[in-house]
Amino acid sequence: MFNLLSPAQQDPILSLSVAFRADPRDEKMDLGIGVYKDSQGATPIMQAVKSAQHILADTQTTKSYVGLSGSEGFNQAMTDLLLKGTAGYSRSAAVQTPGASGALRMLADLMFLAKPITTVWISNPSYVNHKPVMEAAGLTVKFYPYFNSETKTVDADAMLDALAAAGPDDVVLLHGCCHNPTGADIRQEHWQAVAALAQKNGFIPFVDIAYQGFGAGLEEDAYGVRLMADSVEEMLIATSCSKNFGLYRERTGAAIVIGKNANEAMNAKGRILQLARSTYTMPPDHGAAIVETILSSEELTKEWKAELDVMRNRIITLRSGLTAALATRCGDDRFNFIKQHQGMFSMLGLSQEQVARLKDEFAIYAVGDSRINIAGLTESRIDYLADALMAVVK
């Protein structure tokens, strides 16, 4: 049997971490995988998370099964965090999933179950797992223009022109904030234009919001998803607690469906649970229990929001520092886009050869499309990175 299998292609991001760990050079720098690191280069456990873990250790009385939908308290807390106050809130239903990738797959399977001819429109470029997850579910994938490689900003006109062709058999996947991999986000007027197109043409918005709180702020980053929830009858949402709660390894996410009415949303939830039963059955509990504990406590929520503000502001400071260091070296503003991008990532516009030189000559690991994780940078290494970038672009 197994002799019939060809070797699997390595994951373009996760394989970088393996190579990084094997690199013996002291100066090595991992800007590939998307995790937040503090000024010491460590990925910390948030204090609010530690406090919630202590509470759980003292109060949990069982490790019995929770159920197919995971923690309903968590599901409600995540729905509140994203949608409370919107027109779609009362006709939404949520399911806890193993991370946002689990949410993406469950919602993709739901789309195929409901309408196998569905085409999912994905930004070019997009999160590396979007296309394979949608295609694995049997869906057709199309790309819409998104990133202008010259200006390093969103090509909004091209995006909107392309999406004008999407119709009732289509789903348009949008990044809620902090676009992965480019760091270039659409502005509020672009969200409004997409919402108008959805109303006119009948396509369904699918918002993947994995970085809420890492861009302009917890509330500001939810603008797009809330606008859509106010504007359309049906909607899909995938959300994650990996970044804003620092729960990377706990695989904590949620899939949320907004229906034309509450009954249709609950019917969709029931079908997601059937799909989950035949895959992972039920999600892990620990991360969801932590998030539920934090969001159900006014004190812990306040502490979590303050820690999240510190993380976001530090990323902004790193962006400004790297931009300034590069401007000093090149004498112009060609790298100003780094300061204008939001969230963890920026796409630098380097060639694959230049990215390879960063790794080979400077032990700096970046994704092949030149995405770097700004949140993986430390203040003490800004000058080293700036020098290396100037060396490979000259």
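**Salt bridges up close**

A: Happy to walk you through them: the count comes to 14 salt bridges, taking as a salt bridge a side-chain nitrogen of Lys or Arg within 4 Å of a carboxyl oxygen of Asp or Glu. The model is predicted, with local features needing pLDDT of at least 70 and side-chain atom pairs counting only at pLDDT 80 or more, while totals for chains, interfaces and linings use all residues. Residues are numbered from 1 along each chain as its sequence is written, and side-chain values use heavy atoms, leaving out hydrogens and water.

Let's begin in a helix. Lys-131 and Glu-135 form a salt bridge, their closest N and O atoms lying 3.0 Å apart. The two residues are about one helical turn from each other because they sit four residues apart in helix α5 (residues 130–136), a helix being a DSSP run of H or I with at least four residues, numbered from the N terminus. Lys-131 is partly exposed at 33% relative accessible area, and Glu-135 is partly exposed too, at 38%; this class lies between buried (under 20%) and exposed (over 50%), with a 1.4 Å probe and protein chains only.

Next comes Arg-187, whose side chain meets that of Glu-189 in a salt bridge with an N to O distance of 2.7 Å. Glu-189 is partly exposed, with 41% relative accessibility.

Further along, Lys-359 pairs with Asp-360 in a salt bridge, with 3.2 Å between the closest N and O atoms. Lys-359 has 32% relative accessibility and counts as partly exposed, as does Asp-360 with 49%.

Finally, there is a network of salt bridges: it links Arg-329 with Asp-383 and Asp-387.
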